[in-house]
Amino acid sequence: MRLRQKNRVRKRKTIPYNFGGKHQEYIRRCRDCTFNFAEGAVRAGKTIDNVYAFAHELKTTPDKIHLATGSTMANAKLNIGDANGFGLEWIFRGQSRWGQYKGNDCLYICGPATGNRTRIVIFAGGDNSGSFRKIRGNSYGMWIATEINLHHDTMIQEAFNRTLASKRRKIFWDLNPDHPKAPIYANYIDKYRDLNAEGKLLGGYNYEHFTIFDNATLTEERRQEIISQYEENSIWFIRDILGRRSIANGLIYTKFATLSAQADNPLKISVNKAKQMSERRELLGITIGVDFGGNGSGHGFVCSAPTVGYKKLVALASELHTDKEIDPDDLGELLVLFVKRMRQTYGRVTQIYCDSAEPVLIRGMRKAITQAGMGNIPVMYALKDRINDRIFAFTTLCNTGRFLYTDDCETLEDALRTAVWNPKFVGMDRLDDGTSDIDSLDAFEYSYEHDIKYYIETRS
C-alpha cells in the first residue's frame, strides 16, 4: 500500500544533527558493513547513529519490509521511531504514518526519499522467550535493535533467520555495557569480531565504543550535570559514564572491580617490577595454586607470593586452560612449562598446592615435575578452607591496599572482576554457573590460603 503524496511533503524544520568525529566514522562504515554494533555509555548518542544509518539505507534498499525491535515494543517505538525528534518518523516526516501490517505495529514510509516506493518497518518487543512468534511469517531486509542485550536469544536467532533472504542484509544493534561474559558478547559481538579478524566473517564488521564525552550534542554544562550524579570511580560511573563492561549487581570483589577498571590502576604492577622485588628478596616463598577443571570448566594455574612480613600479597602470573581434551600427561606438561616460566622470571618456586579432590591428577603432576628435574619442589594438597573465609581474606587485603598483581595475570583479573554472589542462595555463596572463572579464583586461593592467618594478623 502506497501513501498518497500529493501536497503532503512539507519539510519546515531540519533535524539538528551534530555528530562528533567518532560517530561520523561509525556511520560511514555502516554503508559497507552487514554487522553494525554501537556499544557504550548512557547518553552517548549510539542509538541515533544507528537510526540515521538505517534510515539512509531505507531510501535505496530493494527490500520492502524491515524490522525494528527493543526490549518491548514501546521501547522500540520510543527509541527508534521517535528518539526525541531524531527517529524514523521525524526523518521521514510527511512521508510516513503509523499503522498495522499483518497484525504488527509498523511505520509505513513512502515518498520522495524512497523514490515513492513503500517501505514498511515492523516494530516488536524481544525480551521474552515467546517474542519471536510476533515476527514469524515475514522475511525482513534490515534489522535495527536497541538494547540488544535485553533481547531473548530466541528472538535474536529468529530475527537473524528472517533476514537471511534479504537483498541487502544489514544489522544495526546498540547496547549499554553489560556483564563482560554476557551471552550477547560471547555468542555474537565478540564472536563476530574474532571471526572477522580471522577473515572468516563475510559482509563486514563495524563495531564502535562510545562514551558520554563523544556526544557532541551535549553541552559541557549538561555533561557535568549528568556526571555529578555518580560517585567517581564507582561501578556505576565506570559503566554508565565511561561505558566499560562491568557488573553492577551482586559483585563479590567490588573494590577490586572498581580499582582495576580505572585507567591508572593502583593495584597493577609490571612483571619487571615484580621481578625486581624478587631479586631484592622482598618476596617470600613463591607458590603456585592449581585447580582442576571438570564438567566444562578449565584448569587454572596461579602463582603468588607474600612480601616480607606478609604486609602484601602479590599475584605474579595466571593461566587458564579450557581445552576439553587435555589428558593427565598433557596437563602435567602444561604445569611443568608454567613452573619453568616462573623460575625463569622469579628465580624460584617454593611449592605447589593442588585441588585435593583429584589425587590421581596430583600423582601425575608430581611425576611430571620430578621427570623435569624439579623434584625439589613439593606438590601438595590444597588446604581448601571454607570459600567464604578465603573471600574475606582477599577482600580484606584488597580493601586495605595490601594486594598487587602483575600484567601477567589477565585470567585472574577477569575472574576477580566478574565473581558474583549466587542470587538463588539465601546466605553467601559464590555463583558457579560458567559466567565467571571460578577455576582461576580457586587456584589463586590455593596459592596463599596456607598463610591466611599471617595476612589477617599482620597490620599494614
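Predicted model: local features only at pLDDT ≥ 70, side-chain atom pairs only at ≥ 80, totals over all residues.
Residues are numbered from 1 along each chain as its sequence is written, and side-chain values use heavy atoms, with hydrogens and water left out.

**Figure 1. Overview of the protein, with 16 helices and 15 strands.** Helices (H or I, at least four residues) and strands (E, at least two) are DSSP runs numbered from the N terminus. Along the principal axes, the C-alpha atoms fill a box of roughly 90 × 50 × 45 Å. Of the 460 residues, 53% are buried, that is, under 20% relative accessible area with a 1.4 Å probe and protein chains only. Among contacts (heavy atoms within 4.5 Å) between residues at least 6 apart in sequence, 70% join residues at least 24 apart.

**Figure 2. Strand β2 (residues 65–70) and its neighbours β5 and β6.** Six of the six residues in β2 are buried. I65, L67 and T69 point one way from the strand, while H66, A68 and G70 point the other way. Two strands pair if DSSP finds at least two bridges between them. β2 pairs in the parallel sense with β5 (residues 119–125) over six bridges, and G70 stands opposite G125 of β5. β2 also runs parallel to β6 (residues 142–146), to which three bridges join it; here T69 has A145 as its bridge partner.

**Figure 3. An open sheet of seven strands with mixed pairing.** The strand order is β9-β15-β12-β11-β10-β13-β14. Because β9 (268–269) and β14 (379–381) stand at the edges, each with a single partner strand, one side of each is left without a neighbour in the sheet. β14 pairs in the parallel sense with β13 (residues 351–354) over three bridges, and C354 stands opposite Y381 in β14.

**Figure 4. The second largest pocket, with about 680 Å³ of space.** On a 1 Å grid over the protein atoms alone, a pocket is an open set of points where a 1.4 Å probe fits, with protein on both sides within 12 Å along at least five of seven lines; lining residues have an atom within 4 Å of a point. The lining comprises 28 residues, of which R43, G45, T47, I48 and N84 lie nearest the centre. The elements giving two or more residues to this lining are α2 (46–58), α3 (73–82) and β7 (170–175); α2 supplies the largest share, four residues.

Methods
Points joined across faces, edges and corners; volume = space filled by probe spheres on them. Buried < 20%, exposed > 50% of the residue type's maximum accessible area, 1.4 Å probe, protein only.
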